[in-house]
Amino acid sequence: MAESAHSIAMFHHHCGSAARQMTDRDALADQTRQSLKDARPLLWIRPAAAAGADACRWTLEDVRQADERFQRFAPLLAMLFPELAPVRGTIESPLLRANGMQAALRWPADMGKLWIKADHDLPVAGSIKARGGLHEVLEYAEALALREGLLRPGQDYRVLAEPRARDCFASHRIAVGSTGNLGLAIGVIASALGFGAAVHMSADAKEWKKARLRARGVTVVEHAGDYEKAVAAGRAEMRDDPHGYFVDDERSPSLFLGYAAAALHLRGQLLAAGIVVDAAHPLFVYLPCGVGGAPAGIAFGLKESFGPHVHCFFAEPTRSPCFLVRMMAGSGQLPDAPAAPSVYDVGLDNLTEADGLAVPRASELAAAVMETRLDGVYTVADDRLFADLARLHDSEGLRIEPSAAAGFSGPEHLFASAAGQEYLRARGLAPAMAGATHLAWTTGGRFVPPEEFDRFLSRGKSSAAYT
């Protein structure tokens with residue numbers, strides 16, 4: 001930490017000199033490629049030249065429609081899940097000021113303020129996946145209920161808890177492939193509505209997540225391979241089932257829009273907290289990334305809401321940076337990579353303790369939308385994830401999974417790396433940093449068993465990065 005704190009303290013000096021000494025972009029690109037292949041932390045900025053035709057077919061109106069679906073189902077959700085009764089069925093997480101964590105990370109005071117979007121504490125599923133996962137199952141249930149005459153437009157959705165609806169849902173199955181958190185979200189809501197549910201899980205999924213699903217009557221199918229194999233197996237199982245529905249994390253518009261709806265709630269939370277987002281007060285958002293659907297959906301919603309004043313960065317493990325590999329290949333910076341590359345194509349092994357981020361190949365749907373929107377991707381070593389998990393617990397009393405800690409090293413990449421300094425200089429952001437808001441988006445942790453969290457905490461405090 002001492003070395004990184006020194007680097008951050010030199011931020012203004014470097015930003016001033018950057019205007020006179022332009023970064024050698026070719027050398028920086030070579031260094032980035034080598035750091036990627038060596039599994040060393042890096043920051044990659046999307047080249048301006050990569051901007052082209054917008055492949056996205058959605059608008060902010062589509063995001064609003066997803067949010068309205070959540071609102072229609074809220075009375076039913078409050079009935080099905082007692083923890084939602086006090087908030088009338090709303091699926092939302094708090095926005096938290098993180099003074100203690102900012103101090104623990106040793107930021108200079110004029111680098112802006114650190115906040116946390118606490119999706120690790122989302123009710124029902126305990127992770128960011130509650131947003132997209134619940135939305136897709138609710139959309140499917142809604143369409144099925146309307147088609148079968150179980151529901152009329154404008155009717156109270158609590159009718160779907162009645163025996164006739166549950167009998168109908170019980171004759172249908174929902175499946176998903178997951179490393180853990182999406183499976184939890186899909187399994188929990190599907191079983192609560194009365195659907196048969198199956199979750200195909202990769203070998204790196206945590207045992208406690210499998211146990212939690214089984215306790216709800218969800219079938220857990222374990223696969224020896226990685227995330228891709230679990231998804232392929234689930235997709236194949238549902239292909240010929242007329243009463244089967246597969247939630248496809250790699251290709252689903254419904255998941256994407258469910259995640260995007262978070263931006264509408266965040267706008268209200270920022271306003272309530274007195275946080276302005278404009279040219280003089282930029283918003284930087286750091287989103288942990290697995291296959292890419294959740295962070296891409298949220299980034300899309302944020303870009304639609306705040307335009308050029310929000311800057312979105314994805315965070316990935318150094319050994320599982322599938323979205324970074326895809327974005328670099330798409331911009332021509334990995335010339336030997338295939339069109340839809342995996343981390344294996346650049347010699348990485350996809351092994352990380354951040355199980356929710358252990359994905360070898362990015363979602364093409366998410367990559368297409370981010371082609372003209374994403375600002376950058378950075379990578380984080382596992383030891384740093386555990387160290388930041390421990391720092392967050394010590395400073396703020398929050399309990400998260402290792403993958404949820406990926407957002408906290410993002411500002412340091414901006415402040416202290418050559419790529420970050422050039423990004424701020426090129427966009428004229430350096431003078432505005434004192435008024436900036438840095439938002440680390442946490443992803444999972446609410447239901448982590450105490451003994452598992454104690455193991456995380458012990459590893460974090462024994463890490464060399466925790467000093």
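**Helices that cross**

Me: At what angle do helix α4 (residues 60-80) and α11 pack?
Reply: The angle is about 85°, and the two axes are 8 Å apart. Axes are lines fitted to C-alpha atoms, for helices over the stretch in contact, and angles run from 0 to 180 degrees between N-to-C directions. That makes α4 roughly perpendicular to α11. Angles under 35 degrees count as roughly parallel, over 145 as roughly antiparallel, 65 to 115 as roughly perpendicular and the rest as oblique.
Reply: Some ground rules now. This is a predicted model, where local features need pLDDT of at least 70, side-chain atom pairs need pLDDT 80 or more, and totals for chains, interfaces and linings use all residues. Residues are numbered from 1 along each chain as its sequence is written, and side-chain values use heavy atoms, leaving out hydrogens and water.

Me: Which residues of α4 and α11 meet?
Reply: From α4 come D62, V63, A66 and F70, and from α11 come L257, G258 and A260. Contact means heavy atoms within 4.5 Å. By class, this contact of α4 with α11 has five nonpolar, one polar and one charged residues. Ala, Val, Leu, Ile, Met, Phe, Trp, Tyr, Cys and Pro count as nonpolar, Asp, Glu, Lys and Arg as charged, and the others, Gly among them, as polar.

Me: How do the axes of α11 (residues 253-260) and α12 (residues 262-272) cross?
Reply: They cross at roughly 0° and come within 5 Å. That makes α11 roughly parallel to α12. G258, Y259 and A260 of α11 make the contact with A262, A263 and L264 of α12. By class, the contact of α11 with α12 has five nonpolar, one polar and no charged residues.

**One glycine**

Me: Where is the place of G132?
Reply: Look in helix α6 (residues 129-147). Helices (H or I, at least four residues) and strands (E, at least two) are DSSP runs, numbered from the N terminus.

Me: Is G132 buried or exposed?
Reply: G132 is buried, with a relative accessible area of 0%. Buried means under 20% relative accessible area, exposed over 50%, partly exposed in between (1.4 Å probe, protein chains only). Leaving aside residues up to four places away in sequence, G132 touches L255, G258 and Y259. G132 and L182 are 50 residues apart in sequence, yet 8.4 Å apart in space, C-alpha to C-alpha.

**The sheet**

Me: What is the strand order in the open sheet of seven strands?
Reply: Read it as β1-β10-β9-β8-β11-β3-β2, with mixed pairing. Two strands pair if DSSP finds at least two bridges between them. The edge strands β1 (43-45) and β2 (95-97) each pair on one side only. Neighbouring strands here are turned by 25° against each other on average, direction ignored.

Me: How many residues of β11 are buried?
Reply: Six of the six are, so β11 is largely enclosed by the rest of the structure. T437, L439 and W441 point one way, while H438, A440 and T442 point the other way.

Me: How many bridges join β3 to β11 (residues 437-442)?
Reply: Six, and the two strands run parallel. L114 stands opposite H438, and A118 stands opposite T442. Four bridges join β8 to β11, also in parallel. There, V285 has L439 as its bridge partner.

**Helices beside the strands**

Me: Which strands does helix α18 (residues 418-426) lie across?
Reply: α18 lies across β1, β8 (283-288) and β9, and runs at about 35° to β1. Its buried residues include A419, G420, Y423 and L424. G428 follows α18, with a positive phi near 65°.

Me: How far does α16 (residues 382-396) reach?
Reply: Its 15 residues reach 21 Å from first C-alpha to last, close to the 21 Å expected at 1.5 Å a residue. The expected span is 1.5 Å times one less than the number of residues. Among the buried residues of α16 are D382, R384, F386 and L392. Their cover includes β3 (113-118), β9 (310-317), β10 (376-380) and α19 (450-462). Just after α16, G397 takes a positive phi of about 75°.

**A loop residue**

Me: Where does D204 lie?
Reply: In the loop between β5 (196-201) and α9 (207-215). D204 is partly exposed, at 23% relative accessible area. Not counting residues up to four places away in sequence, D204 touches T179, D355 and A358. The C-alpha atoms of D204 and L351 are separated by 8.6 Å, although 147 residues apart along the chain.
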